[in-house]
Amino acid sequence: PDSRAVTLHLASEAYIPQRFLEIVRRDLCDIYTLRSVRIYPVFPTNQLCKIEAEELMEDLVDASMLTDDWQPNGLSGPERALVAKAVCDRLEVNEVWQLFGQLWGEKPETLRAYYNKAMEQKKSLKFQDRLKNILG
């Protein structure tokens with residue numbers, strides 16, 4: 001076996017962002033001249049939904065759809081509603097409009113109305129495809 005390959009199981013009580021783990025992995029390779037480092041974070045079961053949610057939101061930040069504090073970044077009302085619905089669908093969360101209405105300081109009814117409007121617009125299909133590519 002190659003002694004320059006390391007596997008690390010990192011236990012934590014809180015979520016560790018993937019960006020941070022990538023920096024740690026890269027630094028370990030550089031500092032110890034390792035060929036590869038595999039990091040497997042281990043979280044309590046009740047953190048799993050939070051982890052996936054945070055990763056999805058960070059993907060939207062990376063795509064410049066959301067700001068660093070997870071607020072819409074230049075999105076129209078229908079686009080905001082499509083983002084909210086896509087995230088909640090992935091997380092299997094039913095309270096879409098209440099959750100994102102609270103997060104974004106909008107009335108849930110307004111977000112729902114924007115979503116209905118988006119479903120009537122052909123240009124929404126292109127945006128939905130972009131969301132699918134970002135969120136996987």
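## Helices and confidence

Helices and strands here are DSSP runs, numbered from the N terminus, and a helix has at least four residues. Arg112, for example, is found in helix α5.

The model is predicted. Over the chain, pLDDT averages 87, and 91% of the residues score at least 70. Among the elements of the chain, α5 has the highest mean pLDDT, 96. The lowest mean, 82, belongs to helix α2, which covers residues 48-62. Where pLDDT is low, the predicted coordinates should not be read in detail.

## Helix α4 against helix α5

Two packed helices are described by the angle between their axes and the distance between the axes. Helix α4 runs over residues 96-104 and helix α5 over residues 108-120. Their angle is about 115°, and their axes are 8 Å apart. That makes α4 roughly perpendicular to α5. The crossing of α4 past α5 is right-handed.

On the α4 side, the contact is made by Trp97, Gln98, Phe100, Gly101 and Trp104. On the α5 side, Pro108, Leu111, Arg112 and Tyr115 take part. By type, the residues of this contact of α4 with α5 are six nonpolar, two polar and one charged.

Arg112 has a relative accessibility of 46%. Values over 50% count as exposed and values under 20% as buried, so Arg112 counts as partly exposed.

## Helix α3 against helix α5

Helix α3 also packs against α5, at an angle of about 100° and with the axes 8 Å apart. Angles of 65 to 115 degrees count as roughly perpendicular, and α3 and α5 are therefore roughly perpendicular to each other.

From α3, the residues in contact are Gly77, Pro78, Arg80, Ala81, Leu82 and Lys85. They meet Leu111, Tyr114, Tyr115, Lys117, Ala118 and Met119 in α5. The residues of this contact of α3 with α5 divide into eight nonpolar, one polar and three charged. Leu111 and Tyr115 of α5 are listed in the contact with α3 and also in the contact with α4.

## Helix α3 against helix α4

The axes of α3 and α4 are 10 Å apart, and the angle between them is about 120°. This pair is therefore oblique. The crossing of α3 and α4 is right-handed.

Helix α3 brings Arg80, Ala81, Val83, Ala84, Lys85, Val87 and Cys88 to the contact, and helix α4 brings Val96, Trp97, Leu99, Phe100 and Trp104. The residues of the contact of α3 with α4 comprise 10 nonpolar, no polar and two charged.

## Two loop residues with positive phi

Trp70 is found in the loop between α2 and α3. Its phi is positive, about 65°, although Trp70 is not a glycine. Trp70 counts as partly exposed because its relative accessibility is 24%.

Glu92 lies in the loop between α3 and α4. This residue is likewise not a glycine, and its phi is positive, near 55°. With 72% relative accessibility, Glu92 counts as exposed.

## A residue in strand β1

Strand β1 covers residues 5-11 and includes Ala11. Ala11 is exposed, with a relative accessible area of 64%. The C-alpha atoms of Ala11 and Trp104 are separated by 33 Å, and the two residues are 93 residues apart along the chain. Trp104 is one of the α4 residues that meet α5.

Definitions and conventions:
Residues numbered from 1 in each chain as written. Predicted model: local features only at pLDDT ≥ 70, side-chain atom pairs only at ≥ 80, totals over all residues. Heavy atoms only, no water. Axes fitted to C-alpha atoms, helices over the stretch in contact; angles between N-to-C directions. Parallel < 35°, antiparallel > 145°, perpendicular 65-115°, else oblique. Left-handed = near helix turned anticlockwise from the far one by under 90°. Contact = heavy atoms within 4.5 Å. Nonpolar A, V, L, I, M, F, W, Y, C, P; charged D, E, K, R; others polar. pLDDT = per-residue confidence, 0-100. Buried < 20%, exposed > 50% of the residue type's maximum accessible area, 1.4 Å probe, protein only.
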